[in-house]
Amino acid sequence: TKCKTDIQRKAHENAQLVNDVNILRKERQAMQSSCRALQKRLEELEARAAAGDASPLALTGGGGFSLEAPKPSATTPLPRVPSGSLPGPRQQTAARLEELEA
């Protein structure tokens, strides 16, 4: 029935939103950790530069840190659904016709 499909759709959308929030939380934590490490590295380099240790390795960031942001995880278990309004009667009818023709 229509009520059951609405409940299932909303449950699916809710699961997707929870998944997206968890992914964003993990990315934020990784970026904060990376930011703290880069700030610490910068402080160390500034301290070395102030002390007169201007070796090329010290000033070029040879400590194994990357300035690139961590890449988002490539495995997203649920597909993303565009937010916004639901499809109208014409789109629903067209989708049903396509399913019947296939």
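How many residues apart in helix α1 do Arg 9 and Asp 6 lie? They are three residues apart, about one turn of the helix, and the views below take up this pair and its surroundings in a predicted model.

**View 1. Salt-bridge network of Asp 6, Arg 9 and Glu 13 in the predicted model.** Arg 9 forms a salt bridge with Asp 6, with 3.9 Å between the closest N and O atoms, and its side chain also meets that of Glu 13 at 3.2 Å, N to O. Glu 13 and Arg 9 lie four residues apart in helix α1, about one turn.

**View 2. Salt bridge between Glu 44 and Arg 41.** The two side chains meet at 3.8 Å, N to O, and both residues belong to helix α1, where they are three residues apart. Arg 41 is buried, with a relative accessible area of 11%, whereas Glu 44 is partly exposed at 34%.

**View 3. Helix α1 and the residue that follows it.** With 50 residues, α1 reaches 73 Å from its first C-alpha to its last, close to the expected 74 Å. Its buried residues are Gln 16, Asn 19, Asp 20, Ile 23, Arg 41 and Leu 45. Gly 52, which follows the helix, has a positive phi near 100 degrees.

**View 4. Confidence across the helices.** Where pLDDT is low, the predicted coordinates should not be read in detail.

Terms used
Residues numbered from 1 in each chain as written. Predicted model: local features only at pLDDT ≥ 70, side-chain atom pairs only at ≥ 80, totals over all residues. Heavy atoms only, no water. pLDDT = per-residue confidence, 0-100. Helix = DSSP H or I, 4+ residues; strand = E, 2+ residues; numbered from the N terminus. Expected span 1.5 Å × (residues − 1). Buried < 20%, exposed > 50% of the residue type's maximum accessible area, 1.4 Å probe, protein only. Salt bridge = Lys/Arg side-chain N within 4 Å of Asp/Glu carboxyl O.
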